[in-house]
Amino acid sequence: MAKVKKLRSKKGAERTVNGIIYAVLVVISIIWIIPFIILFIQSLRGEPGGATSYFFPKQWTFNNYIKLFTQTKFPIWYGNTLLVSVVVTVVQTTIVLMTSYALSRLRFKMRKPLMNLILILGMFPGFLSMTAIYFILKEIGLTQSLFGLMLVYTASSAMMYYISKGFFDTIPKSLDEAARIDGANRHTVFFKIILPLAKPIIIYTVLTAFTAPWGEYMFSSFLMLGDPDKFTVAVGMKEWLTATMLGEWFTTFCAAAVVVSIPITALFIWLQRYYVEGVTGGAVKG
């Protein structure tokens, strides 16, 4: 009986702790989602101007969304951003996965020093090289060019190997060895055997590769300054927040922010299970 009471007491304590944890998570979720609710409500406000002294609009309208697609260059900016993000996602995912697999499976001289060097270089923020990158691209005629922007985003792709490498380390090497004994080369082993088992880390890499250029502002504004037709959504929308344009374009900016957030939100909701598996599976010592 004593053991039964002790077990029940332990289960009761666990339920209490879990209840507190869930309550805290619910509160955090509500706090986190409030800005998005405010943004959506402001995108439906019919009254012009920036900040207001009231929360709910006095006049509800979809005109801000209509204005966004008919009176601005937002569709062009959106297309530019989508093109850059998709190309960067494909190239960066390919490079990251190949680099990670090579560092996980191959053993060669200077392997660990190379990995350590990449990690150290990754500690320095990218904007430190902005001026040098700009002048290099200017010399080869790739400023105000979406292709130049893609080069900037993909140039350091291999430096993001560490999470993917950790995941590949969890896949038994015996699979590679068995396939090599059967006559498969490295290419076949990687694409036919390892990648089908690495779906979570592929999804994780795709999501991180897509979200980075989708909302990036610093490099894109630096390279595309002066050519509105080459702006990404982040650069174009920033123009609406200047002191002279804020009053007229604030509600349109909110509508644009809602539209921009839809692809990222949909991707994370659809693929969140694989994203979590990729992060946890790659967070091992390799």
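Where does Phe124 lie? I looked it up in the model, which is a predicted one. Phe124 sits in the loop that runs between H4 and helix H5 (130-139).

**Entry 1: the surface around Phe124**

I checked the accessibility of Phe124 next. Its relative accessibility is 52%, and exposed means over 50%, so Phe124 counts as exposed. Phe124 belongs to a nonpolar patch on the surface, together with Leu106, Phe108, Leu114, Leu117, Ile120, Leu121, Met123, Phe127, Leu128, Tyr217 and Met218. Together these residues have about 1200 Å² of accessible area. Which helix gives the most to this patch? Helix H4 (residues 111-121) does, with 4 residues.

**Entry 2: the cores**

The largest nonpolar core has 35 residues. Leu68, Phe74, Val84, Val233, Met237 and Trp240 touch the most other members. I listed the helices that each supply at least two residues of this core: helix H2 (63-70), helix H3 (74-105), H5, helix H6 (146-154), helix H10 (199-215), helix H11 (218-224), helix H12 (233-239) and helix H13 (246-282). H13 provides the largest share, 9 residues.

What does Trp240 touch, leaving aside neighbours within four places in sequence? Its contacts are Leu68, Thr72, Phe74, Trp77, Met245, Leu246, Trp249, Thr252, Phe253 and Ala256. I also found a second, separate core. This one has 14 residues, including Phe168, Ala184, Leu195 and Tyr204.

**Entry 3: salt bridges**

How many salt bridges are there? I get 3. I went through them in turn.

Asp229 and Lys73 meet through their side chains, N to O, at 3.0 Å. Asp229 is in the loop between H11 and H12, and Lys73 is in the loop between H2 and H3, so this pair ties together parts that are 156 residues apart in sequence. Asp229 is partly exposed at 38% relative accessibility. Lys73 is also partly exposed, with a relative accessible area of 35%.

Arg105 and Asp176 form a salt bridge at 3.1 Å, N to O. Arg105 belongs to helix H3 and Asp176 to helix H8 (residues 173-181), so the pair links parts 71 residues apart in sequence. Are these two buried or exposed? Arg105 is buried, at 8% relative accessibility. Asp176 is buried too, with a relative accessible area of 4%.

Asp169 bridges to Lys165, and their closest N and O atoms are 2.7 Å apart. Both lie in helix H7 (residues 162-170), and they are 4 residues apart, so about one helical turn separates them. I compared their cover. Asp169 counts as partly exposed, at 27% relative accessibility. Lys165 is buried, with a relative accessible area of 4%. The cut-off for buried is under 20%.

**Entry 4: a look at Ile21**

I ended with Ile21. This residue lies in helix H1 (residues 2-43). Its relative accessible area is 41%, so Ile21 is partly exposed. I took the C-alpha distance from Ile21 to Ile66. The two are 45 residues apart along the chain, and their C-alpha atoms are separated by 43 Å.

Note on methods
Residues numbered from 1 in each chain as written. Predicted model: local features only at pLDDT ≥ 70, side-chain atom pairs only at ≥ 80, totals over all residues. Heavy atoms only, no water. Patch = residues over 30% accessible without salt bridge, like charges linked within 9 Å, V, L, I, M, F, W, Y side chains within 5 Å. Areas by Shrake-Rupley, 256 points an atom, 1.4 Å probe, with all protein chains shown as cover. Salt bridge = Lys/Arg side-chain N within 4 Å of Asp/Glu carboxyl O. Buried < 20%, exposed > 50% of the residue type's maximum accessible area, 1.4 Å probe, protein only. Core = buried A, V, L, I, M, F, W, Y, C linked by side-chain atoms within 4.5 Å. Contact = heavy atoms within 4.5 Å.
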